[in-house]
Amino acid sequence: MADMRAFREAVTLRAAGGSEEPGEPVRELAARLSVRTAVLLEGLSDAAAVDALAERRGLDLESEGICVLPMGGAMSVGRFARLLGPSPGLGLHLTGLCDEGELRFYARALAGATPTAGPGEGQGQPQRFFVCSADLEDELIRTLGVARVEEIVRAQGDLRALQTFQQQPAQQGRTARQQLRRFLGTKKGRKIHYGRALVEALEPDRVPAPLDGLFGELPVGL
């Protein structure tokens, strides 16, 4: 039976330049699953954060025809936009998160997919992305505050590892927020784990603006 995971895997394979696996083509899977929106994210940690916030808000994104798609890096956005966006793509509504430093990749990709659309442009644009000043982890750390994030790190059993990291010569002169952000990327799987943990620690009315804006863009309950 087709599910959103099968669609996500098929899209990722096609975007990487591979041929489709035997079975339903991507377009047929999209139709069978009633996919109408693709949330394009740079990596798995962003997807973990989006999934965690959806759960906190009681949203079943897949049942709403919304596919959360980690692309494996910003430079892949053009391939995903061509495959999923306007004709000859699947014609899905595209949205997602974008790191400020990667804006050029998104601007180029979305200009090709939709001439009038660009990252962070106003309401009414058919493809709208939301920009994080550094990345989503930085937005979450800034919203929660350094002290609260350190409490979460302690609760997750990583405080000693963080303290050892902070003592490294390369970390001297950096702010505590910068150190925390870099620490999350020092071990495989850590960013994904904390993508969820930090979102779960947010107060309901204090969600980073880019993440909150993304959820406001999703066609849920329509």
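A residue is called buried when its relative accessible area is under 20%, exposed when that area is over 50%, and partly exposed in between (1.4 Å probe, protein chains only). The model is predicted: local features need pLDDT of at least 70, side-chain atom pairs count only at pLDDT 80 or more, and totals for chains, interfaces and linings use all residues. Residues are numbered from 1 along each chain as its sequence is written, and side-chain values use heavy atoms, with hydrogens and water left out.

The protein chain holds 11 helices and four strands. Helices (H or I, at least four residues) and strands (E, at least two) are DSSP runs, numbered from the N terminus. Of the 222 residues in the protein chain, 48% are buried. Contacts (heavy atoms within 4.5 Å) were also sorted by separation in sequence. Among those between residues at least 6 apart, 72% join residues at least 24 apart.

Salt bridges were counted next. A salt bridge is a side-chain nitrogen of Lys or Arg within 4 Å of a carboxyl oxygen of Asp or Glu. The count by this rule is 11. Several involve helix α6. Aspartate 138 and arginine 142 both belong to helix α6 (residues 136–144). They are four residues apart, about one turn of the helix. Their side chains form a salt bridge, at 3.7 Å from N to O. Aspartate 138 is buried, at 5% relative accessible area. Arginine 142 is partly exposed, at 38%.

Aspartate 138 has another partner. Its salt bridge with arginine 177 brings the closest N and O atoms to 3.1 Å. Aspartate 138 lies in helix α6 and arginine 177 in helix α9 (residues 176–184), so this pair ties together parts that are 39 residues apart in sequence. Arginine 177 is partly exposed, with a relative accessible area of 33%.

Arginine 142 also pairs with glutamate 139. The N to O distance in this salt bridge is 3.3 Å. Both residues lie in helix α6, three residues apart, again about one turn of the helix. Glutamate 139 is buried, at 8% relative accessibility. Through shared partners, the salt bridges join Asp138, Glu139, Arg142 and Arg177 into one network.

The packing of α6 and α9 was then examined. Their axes come within 10 Å and cross at roughly 135°. Axes are lines fitted to C-alpha atoms, for helices over the stretch in contact, and angles run from 0 to 180 degrees between N-to-C directions. Angles under 35 degrees count as roughly parallel, over 145 as roughly antiparallel, 65 to 115 as roughly perpendicular and the rest as oblique. The two helices, α6 and α9, are therefore oblique to each other. From α6, Glu137, Asp138, Ile141 and Arg142 take part in the meeting of the helices.

Helix α7 (residues 146–155) has Val149, Ile152 and Val153 buried. Seen down the axis of α7, its buried residues fall within an arc of 100°, so they line one face of the helix. The arc is that of the directions from the helix axis to the C-beta atoms. Ala147, Arg154 and Ala155 are exposed on the other side of α7. The cover over the buried residues of α7 includes α6, α8 (159–166), α9 and α10 (190–200). Glycine 157 follows α7 and has a positive phi, near 80°.

Two loops show backbone features of note. Most residues other than glycine have a negative phi, and most peptide bonds are trans. Serine 34 has a positive phi, near 55°, and is a residue other than glycine. Serine 34 sits in the loop between α2 (26–32) and β1 (37–41). The peptide bond from serine 87 to proline 88 is cis, with omega near 15°. Proline 88 is placed in the loop between α4 (77–84) and β3 (93–99).

Leucine 214 belongs to helix α11 (residues 209–217). Leucine 214 is buried, at 0% relative accessibility. Leaving aside neighbours within four places in sequence, leucine 214 is in contact with Val39, Val50, Thr95, Gly96, Leu97 and Phe130. Leucine 214 and phenylalanine 129 are 85 residues apart in sequence, yet their C-alpha atoms are 7.3 Å apart in space.
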